[in-house]
Amino acid sequence: MSGSAARTATADVVCLGESMVTFLPSQPGRLADVPSFGRGIGGAESNVACALAAAGHRAKWVGRVGADGFGDHLVDAIAAYGVDTSAVRRDPARPTGIYFRTAADRATDTHEVAYYRAGSAASAMSPRNVPYEDLLASRVLHLSGITAALSADCLALLHDLTAPRDGRPLISFDVNHRPGLWRDAEAGPEVLLALARRCDLVFVGEDEAEEAWGVHGAEAIRAALPEPDVLVVKRGAEGVTVFSRTGGAAEDTVTTVPSLHVDVVAAVGAGDAFAAGFLSATLRDLPVRDRVRHGHLMAAAVLTVPGDLTGPPSRAHADRLAALDDDAWGTLRLGPGWTAATGANEEVRVT
């Protein structure tokens, strides 16, 4: 991390991006058949901020919402996690984005999402109206490819924030390739690749890298993204592989950590939670293996509840699990309620 950025930081992590009001189904089924919905919040970057704040870090969310009731709800709900929302701007001319989704796993054909975000307040973010003093006064600035897809102004903002500058914080970037968001679907992958190559820490899924760039396997992804000091390749059930360089080293250190066995309740929000866990451990300067393990544990907390957000395990509890030897880690199984457990029991068990 930049020394000057760290000395003047007023936040550990600043997360920039759109947050929306989410409407969650009262029962499984098609959107056409669901009789009612419950209200929640959703947004990749604000999810990361909420998880980091709940884990005890100074987290700030920077975004733009409408001057409407949904905007009020978002700001209040995100602040309730302990996130600093003082830099959020209100737009009197544009609405807060909302979306509806089904209960099915988003990786399945039965999953449906209906977005109402075109022309939203967040899509008007640009280098002219976002408070740079808040974005840059942090140890880490976390961004995602979703923001780049929202508008030309949003893309210009990300392009500017990822440019080299004195005292820049560590730039964390989650590729988050969402083909449906891009007006020019063919341009999206090229834009995301260019942005990722300008960042210090990059998260990317093996499946999305193949879909976006036609590359398969961790080594091939690293070849496509040689610049970031840390590249985190999420490989699903195969685990996570991290390519890292420290102290000006020319060669990568390659670290692979197996995934956990998790009794999944809902497969939503895990990617954001993983990023939060990895960033939390990065802020604490833990070894790369433990950064990945904390990412897995934070993801497991979300996977074992119905929504996108939940309280993480205590730091002491997470540290204890992250310190397990390889054999114990490989046989650990986490189920609903495990974050409140203090030892091996029916929710945190070795199989």
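I checked Cys 154 for a bonding partner: its sulfur is 16 Å from the closest cysteine sulfur, in Cys 199, too far for a bond. A disulfide needs two cysteine sulfur atoms within 2.5 Å. The sulfur of Cys 199 is 14 Å from its own closest cysteine sulfur, in Cys 15, again too far. I count zero disulfides in the structure.

This is a predicted model, where local features need pLDDT of at least 70, side-chain atom pairs need 80 or more, and totals for chains, interfaces and linings use all residues. Numbering runs from 1 along each chain as its sequence is written, and side-chain values use heavy atoms, without hydrogens and water.

I looked up burial next (buried is under 20% relative accessible area, exposed over 50%, partly exposed in between, with a 1.4 Å probe and protein chains only). Cys 154 is buried at 0%, and Cys 199 is buried at 3%.

Then I went to the nonpolar cores (buried Ala, Val, Leu, Ile, Met, Phe, Trp, Tyr and Cys residues joined through side-chain atoms within 4.5 Å). The largest has 56 residues, and Val 232, Phe 278 and Leu 297 touch the most other members. Helix α11 (residues 288–303) gives the largest share, nine residues. Another core, of 43 residues, lies apart and includes Cys 154 and Leu 231.

Last, I traced an open four-stranded sheet, ordered β3-β2-β7-β8 with mixed pairing. Pairing takes at least two DSSP bridges between two strands. Strands β2 (residues 20–25) and β3 pair antiparallel over six bridges. Phe 23 has Arg 39 in β3 as its bridge partner.

Definitions and conventions
Helices (H or I, at least four residues) and strands (E, at least two) are DSSP runs, numbered from the N terminus.
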